[in-house]
Amino acid sequence: MVLRGKAHKFGDDINTDYIISGRYKFKTLDMDELARHVMEDIDPEFHSRLKPGDFVVAGKNFGCGSSREQAPLALKHAGVAGVIAKSFARIYFRNSINNGLLSLICDTEEIQDGDLLEVNPTLGIVRDITRGIELKSKEIPPIMMEILNEGGLIPYMRKNMSFK
Amino acid sequence: MGKTISEKIFSAHAGRDVSAGEIVIIEPDSIMAQDGTAPLAIRAFREMGGTIPKYPERISFVIDHNAPSPSRAVSNLHGTMRGFCEGNDIRLYESGEGICHQIMVESGRAFPGGLVIGADSHTCTYGALNCFSTGVGSTDLAAAMLSGQLWFLCPETLKVRFEGKVRECVYAKDLALAMVMKIGADGASYLALEITGEAINEMNIDGRLTISNMAVEVGAKTGLMLADGKTLDFLEGRTERHFEAVFPDDEAHYVGEVLIDCSEISPMVACPHRVDNVVPVEEIDEIKIHQGLIGTCTNGRYSDIKVAADILKGKKIASGVRLIIAPASREVFSLALRQGLIDILVDAGACIVPPGCACCVGTHQGVPDDGENVISTANRNFKGRMGNPEAFIYLASPATVAASCLTGKITDPRQFL
């Protein structure tokens with residue numbers, strides 16, 4: 001399976017308050033409502049520019065800050081196909097895998113805003129069609145791969161009822 | 001080879017020898033969620049097919065992020081938490097009992113050698129009690145409620161040593177900000193910290209909790225300290241659990257060591273909008289202040305309120321400034337009341353709000369206006385953090401916040417010695 005979408009480029013240290021502000025996330029569990037406010041405080045136009053299947057591309061430490069799981073959920077419900085970053089903060093990274101949101105660690109320096117990307121999640125390969133470059137993502141621990149392959153931690157637990 | 005504190009705690013919980021880099025599936029001693037994360041955890045728990053939690057007695061839910069509830073929608077979420085706790089014999093801490101992290105340490109649910117997870121990033125706070133505690137998301141928490149276990153990557157450890165004598169009017173928060181400045185917002189990603197040194201030995205438990213609380217602001221998984229007589233005194237009467245303090249081996253392996261010379265540290269301020277954008281207070285130009293906040297899981301403890309009251313005693317805050325005080329817990333609030341500190345603060349013009357997180361996290365109880373500057377004892381100054389992306393948040397110690405509220409601009413607390 002290959003995913004195709006446009007890159008929306010962000011910088012380093014995009015925290016979970018920026019992904020979804022506390023003033024929305026504490027009010028509701030309606031993720032489609034939260035999705036409308038995704039990235040609002042740093043890029044108010046983001047939600048209107050985003051097309052389903054697009055990618056968020058970022059620098060280092062994406063998802064730092066609060067443990068709010070509404071952050072990857074809001075991105076997923078907004079239609080983001082995956083996040084590609086130089087590195088992720090650890091709680092966010094677990095949360096995104098647990099919710100089946102593709103998160104790839106690779107050197108995103110060359111990718112520019114608006115580039116067309118082709119991503120093969122199984123092989124961990126990111127191709128920037130616009131720039132003609134190919135990037136290989138870092139491997140993740142086997143248990144995270146198993147959880148991601150099950151579609152997230154909820155289906156994983158429904159199947160196993162415990163950790164294998 | 002020798003072991004770090006983290007490796008020893010993971011080994012003890014796994015019942016086998018565990019080294020950094022290994023993945024283990026182990027049972028946490030305590031599991032915590034607050035009202036920003038618990039409702040999603042309950043939903044995930046049910047979607048996993050969960051009916052009853054494996055160890056309900058290990059779980060605690062805390063209503064602190066929107067406490068008391070500001071709206072019907074939030075009340076509905078609180079109702080979900082109450083129903084889940086009642087049906088499953090889970091201890092629920094209600095609005096006003098305190099901030100989850102203060103409750104976890106006051107209730108003895110965090111203890112030396114323990115392993116604790118909490119659905120809140122500042123769960124790393126209990127590292128100050130020699131407890132491996134770390135933040136997780138709601139779905140991980142649901143899986144832990146269901147199975148009693150969770151998978152962990154045993155982390156490598158970075159040593160942080162505070163050397164030298166701490167100067168007058170310099171507090172744990174200033175040391176914590178100096179640490180964040182030195183390490184950077186992601187400088188300790190995926191690592192455990194072992195925080196030691198003379199300054200830590202001399203510091204009381206309130207101060208130690210302040211420093212461990214900010215471990216996550218450098219990306220760390222937890223901020224461990226050694227247990228000593230002060231730790232044991234603090235826990236006396238709080239827990240009936242048998243526990244043993246965990247010490248690292250001399251030949252333990254560390255990824256590095258960060259030395260911080262306390263004798264060179266001034267009162268520090270983190271400027272908008274990054275926690276690692278830290279400068280000594282004397283280097284700050286005139287910045288007008290509209291609101292001060294003393295409270296939060298970083299600095300809402302008795303010692304913090306005492307420092308502020310000592311500076312504000314018999315004085316009035318500047319006109320045009322609002323000072324909000326949010327004690328970290330009912331226990332803290334009650335002690336501050338009995339010691340007369342609340343009277344002093346109210347006389348100085350402060351507004352006391354219930355123990356909780358609301359103002360820090362931007363849900364209610366003090367959302368700043370567009371263009372306003374806030375000086376706060378919290379741990380985060382991200383744009384929009386306090387509920388308004390058009391406001392500017394500066395982070396400092398309770399002394400610096402109190403001094404700044406007296407003058408109406410960011411002020412070196414040493415002026416009020």
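Tutor: Two strands count as paired when DSSP finds at least two bridges between them. Please keep in mind that what we read here is a predicted model.

Student: With that in hand, which residue stands opposite B:Ile31, and in which strand?

Tutor: Strands of a sheet pair through backbone hydrogen bonds, either parallel or antiparallel. In this model B:Ile31 has B:Ile59 of S3(B) opposite it, and the two strands concerned, S2 (residues 30-34) and S3 (residues 59-62) of chain B, run in the parallel sense and are joined over four bridges.

Student: What is the strand order of the open sheet in chain B?

Tutor: Five strands make up that open sheet, in the order S4-S3-S2-S5-S6 of chain B and with parallel pairing. The edges are strand S4 (91-93) and strand S6 (132-135) of chain B, each of which pairs on one side only, and from one strand to the next the twist averages 20°.

Student: How many strands does the open sheet of chain A have, and is its pairing parallel or mixed?

Tutor: The open sheet of chain A has seven strands, ordered S4-S3-S2-S1-S5-S6-S7, and its pairing is mixed. At its edges lie strand S4 (102-105) and strand S7 (133-136) of chain A, both pairing on one side only, while the twist from one strand to the next averages 30°. Within this chain, strand S1 (residues 3-9) and S2(A) pair in the parallel sense over three bridges, and A:Lys9 has A:Val57 in S2(A) as its bridge partner.

Student: How much area do chain B and chain A bury between them?

Tutor: The size of an interface is often given as the accessible area lost when the parts come together. Here chain B and chain A bury about 4,000 Å² between them, with 58% of it on carbon and sulfur atoms; the contact draws 50 residues from chain B and 44 residues from chain A.

Student: How many salt bridges does the rule find across the interface of chain B and chain A?

Tutor: Side chains of opposite charge can pair when their charged atoms come close. The rule finds four salt bridges across this interface, including the one between A:Lys60 and B:Asp186, whose closest N and O atoms are 3.3 Å apart. It also finds 21 residue pairs in polar contact across the interface, both residues being at pLDDT 80 or more. On the side of chain B that touches chain A, H5(B) gives the most, with six residues, and by class that side has 21 nonpolar, 19 polar and ten charged residues.

Student: How many salt bridges does a search of the whole structure find?

Tutor: Over all chains the search finds 32 salt bridges. One of them joins the side chains of A:Asp17 and A:Arg68 at 3.5 Å, N to O, and this pair links distant parts of the chain, since A:Asp17 belongs to helix H1 (residues 16-19) of chain A and A:Arg68 to the loop between strand S2 (55-58) and helix H5 (70-77), 51 residues apart.

Student: Which residues does the cis peptide bond with omega near -10° run from and to?

Tutor: That bond runs from B:Ala67 to B:Pro68, and B:Pro68 is found in the loop between S3 and H3 of chain B. Another cis peptide bond, with omega about -10°, joins B:Pro272 and B:His273, the latter being in the loop between strand S12 (268-270) and strand S13 (278-280) of chain B. For the backbone, notice also B:Asn130, which has a positive phi of about 70° although it is not a glycine, and which is found in the loop between strand S5 (115-119) and S6 of chain B.

Terms used
Residues are numbered from 1 along each chain as its sequence is written. Chains are lettered from A and ligands numbered from 1 in the order in which they are written. Side-chain values use heavy atoms; hydrogens and water are left out. Axes are lines fitted to C-alpha atoms, for helices over the stretch in contact, and angles run from 0 to 180 degrees between N-to-C directions. Contact means heavy atoms within 4.5 Å. Buried area is the accessible area (1.4 Å probe) that two parts lose on being put together, summed over both. A polar contact is a pair of N or O atoms within 3.5 Å; within protein, one must be able to donate a hydrogen and the other to accept it, and residues adjacent in sequence count only if both atoms are side-chain atoms. Ala, Val, Leu, Ile, Met, Phe, Trp, Tyr, Cys and Pro count as nonpolar, Asp, Glu, Lys and Arg as charged, and the others, Gly among them, as polar.
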